[in-house]
Amino acid sequence: MMKLDKDLLSIQEVRNLIQQAKEAQKILATFTQQEIDGIVKTMAEEGMRASRWLAKVAAEETQIGVYEDKIIKNLFSTKRVYEYIKDLKTVGIIHADEKNRVYDIAEPMGVVAGLTPTTNPTSTALFKALIALKSRNAIVFSPHPRAADCTCQTAEIMHKAAVRAGAPKGIIGSIYYPTMEATNLLMKHPDISVILATGGSGMVKAAYSSGKPAYGVGPGNVPAYIERSADVKKAVDDIIDSKTF
């Protein structure tokens with residue numbers, strides 16, 4: 001009976017979050033490039049400030065990873081990602097080929113479903129929130145059940161920062177009671193336009209099978225091959241660093 005209650009609660013939660021995100025995204029879609037860039041800048045700065053705290057709650061909740069390394073990853077997902085996207089044009093005409101009279105015009109997709117893993121829950125949520133709003137989309141996160149609290153805290157921090165900078169309420173949301181049923185509903189809901197899926201092979205496969213456009217990233221703990229032209233000592237050092245990070 002308790003499982004049934006949780007499933008029903010999570011399903012209703014998904015419906016509410018998507019409805020709020022859809023309405024907020026309609027407003028965000030009308031924003032200028034300057035307004036969008038101001039929101040994203042504020043989000044990135046708030047994410048940087050929260051990087052240490054979010055690393056702590058992620059390590060404590062999931063019991064996975066190294067706290068100090070998670071700080072670095074959170075900073076990478078805010079500072080470095082922001083530096084890469086801050087000057088990109090995402091509103092109106094973003095490229096013009098006057099000779100052939102071809103113009104690229106940026107349009108938002110709508111509401112993004114953001115699936116996040118237990119291994120890197122906060123850093124993944126940070127950068128997905130930034131790129132979603134940079135492109136005038138809303139995003140609703142479905143956390144891994146073993147990382148629900150830290151992911152929801154991340155979403156809340158980014159949402160408050162975005163709203164403080166002028167974004168409409170509801171533009172970022174996260175499922176507080178994640179279940180398989182809720183995640184499936186999120187991916188297949190008619191008001192979801194695209195899926196950003198990071199996690200296990202099964203989850204990524206489900207995202208690609210949802211009937212929606214999807215970008216999936218699965219497990220990264222793979223064998224490493226060193227080609228003969230490589231600097232072998234440096235390659236070995238880098239592999240050891242990456243596998244123990």
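Colleague: Which residue follows α6, and is its phi positive or negative?

Modeller: This is a predicted model. The residue after α6 has a phi near 115°. That phi is positive, and the residue is G166.

Colleague: What span should helix α6 have, and what is the distance between its end C-alpha atoms?

Modeller: Helix α6 covers residues 148-164, which is 17 residues.

Colleague: Against which elements do the buried residues of α6 pack?

Modeller: Buried here means under 20% relative accessible area. The buried residues of α6 include C150, T154, I157, M158 and A161. A148 and A162 are among them too. The packing partners are α2, α3 (51-62), α5, β4 (138-142) and β5 (172-174).

Colleague: Where is P117, and what is its relative accessible area?

Modeller: P117 sits in the loop between β3 (111-115) and α5. Not counting residues up to four places away in sequence, P117 touches T124, H144, A147, T198 and G199. P117 is buried, with a relative accessible area of 6%.

Colleague: How many Å apart in space are P117 and P219?

Modeller: In sequence, P117 and P219 are 102 residues apart. In space, C-alpha to C-alpha, the separation is 9.9 Å.

Colleague: Is T118 buried or exposed?

Modeller: T118 is in the loop between β3 and α5. Leaving aside neighbours within four places in sequence, T118 contacts T62, I64, H144, R146 and A147. With 9% relative accessibility, T118 counts as buried.

Colleague: Are α4 and α5 roughly parallel or antiparallel?

Modeller: Helix α4 covers residues 67-85, and helix α5 covers residues 121-134. Their axes are 8 Å apart, and the packing angle is about 15°. Angles under 35 degrees count as roughly parallel. α4 and α5 are therefore roughly parallel.

Colleague: Is the crossing of α4 and α5 right-handed or left-handed, and which residues of α5 does α4 meet?

Modeller: α4 passes α5 in a right-handed crossing. By class, the contact has seven nonpolar, five polar and three charged residues. From α4 come K70, K73, N74, S77, T78, V81 and I85. From α5 come P121, T122, S123, L126, F127, L130, I131 and K134.

Colleague: How does α2 run against α4: roughly parallel or antiparallel?

Modeller: The axes of α2 and α4 are 8 Å apart, and the angle is about 155°. Over 145 degrees counts as roughly antiparallel. So α2 is roughly antiparallel to α4.

Colleague: Which residues of α4 does α2 meet?

Modeller: The crossing of α2 and α4 is left-handed. Its contact residues divide into six nonpolar, two polar and two charged. α2 brings V40, K41, A44, G47 and M48. In α4 they meet L75, T78, K79, Y82 and I85.

Colleague: Which residues of α2 are buried?

Modeller: Helix α2 (residues 33-49) has 17 residues. From first C-alpha to last it reaches 24 Å, close to the 24 Å expected. Its buried residues are Q33, I36, I39, V40, T42, M43, A44, E46 and G47.

Note on methods: Residues are numbered from 1 along each chain as its sequence is written. This is a predicted model: local features need pLDDT of at least 70, side-chain atom pairs count only at pLDDT 80 or more; totals for chains, interfaces and linings use all residues. Side-chain values use heavy atoms; hydrogens and water are left out. Axes are lines fitted to C-alpha atoms, for helices over the stretch in contact, and angles run from 0 to 180 degrees between N-to-C directions. Helices (H or I, at least four residues) and strands (E, at least two) are DSSP runs, numbered from the N terminus. Angles under 35 degrees count as roughly parallel, over 145 as roughly antiparallel, 65 to 115 as roughly perpendicular and the rest as oblique. A crossing is left-handed if the near helix is turned anticlockwise from the far one by less than a right angle, and right-handed if clockwise. Contact means heavy atoms within 4.5 Å. Ala, Val, Leu, Ile, Met, Phe, Trp, Tyr, Cys and Pro count as nonpolar, Asp, Glu, Lys and Arg as charged, and the others, Gly among them, as polar. The expected span of a helix is 1.5 Å times one less than its number of residues. Buried means under 20% relative accessible area, exposed over 50%, partly exposed in between (1.4 Å probe, protein chains only).
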